[in-house]
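Q: Please take a close look at one part of this model, the strands and how they pair. Which elements lie next to each other, and in what sense do they run?

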Amino acid sequence: MKIQLAKSNPFYKSILLFFSVLCLLSCLKDDGFPQTETTTQGKKWNLEIGSSPLEVFGQLQELGTEKNIDRVSILYRLPYSNPEQIQSDIALYDAITIETTSGILERTVFQIDHNKVSAIEKGGGMLEPIQNWPEDLPSDASIYINDPVEVLMEKLTAIYQLPLYQNYQLVLPGKSLAKPYDPDMVNYDEWFFTFSENISSSVDGRNSVRLFFKNEKLVKIKNEYEEFEFVN
């Protein structure tokens, strides 16, 4: 006796779904990603083992032009508890953030361009533009758009003397490759950057790169490479 299953039958649909998934899984191949490559001699791209941090930064600027890399992260750089702790020239960065440490995120981001404050944004997860910060201080004590970087730091130092703002922390972003090298980078032994490459019309590749320094020399480059398929 033949048993026919109506297409509206839930069991029929379950059977079809099972074989569809089985077929899909059989078509997938183990592509071996992510792939990790470690370089301890010679070069990876134009990054040369044995180079100083200053030399590596210059190599990254060249590589950034080719691979569309705009910044490098300085790993394990902690937030600063006051402006006087910052050893870097803020003009070498494109932003500085002041944020609360209470557990509820509240932050103010000062964008920096041409050695001046170019924009100020305030908020938690979402930021909104403002003209000055803190908004409740007199105009000569508050930080305004177009304040030079030197004035920004002077005002931040003064603001940190006020009890209301002593529990804020200061955070520097990743180092922009569009600006000159920061000598303080020599004090950090791990840098990180990423870049993507188009492999085909439906596949992108992503490189996640760690640079390791020892005794102020580049000693290891570790690259983790992955590919991602997308639908146009």
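**Sheet, helix and hairpins**

A: In this predicted model, helix H2 (residues 53–67) lies across strands E4 (71–74), E12, E13 (190–200), E14 (203–214) and E15, and runs at about 20° to E13. Helices (H or I, at least four residues) and strands (E, at least two) are DSSP runs numbered from the N terminus. Axes are lines fitted to C-alpha atoms, for helices over the stretch in contact (heavy atoms within 4.5 Å), and angles run from 0 to 180 degrees between N-to-C directions.

The open sheet has six strands in the order E1-E15-E14-E13-E4-E12, with antiparallel pairing. Strand E1 (35–39) and strand E12 (175–176) are at the edges with a single partner strand each, so one side of each has no neighbour in the sheet. Two strands count as paired if DSSP finds at least two bridges between them. E1 is joined to E15 (residues 217–229) by five bridges, antiparallel, and Gln 35 stands opposite Tyr 225 in E15.

Strands E6 (residues 107–113) and E7 (residues 116–123) are also antiparallel, with seven bridges; Gln 111 stands opposite Ala 119 in E7. E6 and E7 form a hairpin with two residues between them, and His 114 in the turn has a positive phi of about 55°.

Residues are numbered from 1 along each chain as its sequence is written, and side-chain values use heavy atoms, leaving out hydrogens and water. Local features need pLDDT of at least 70 and side-chain atom pairs count only at pLDDT 80 or more, while totals for chains, interfaces and linings use all residues.
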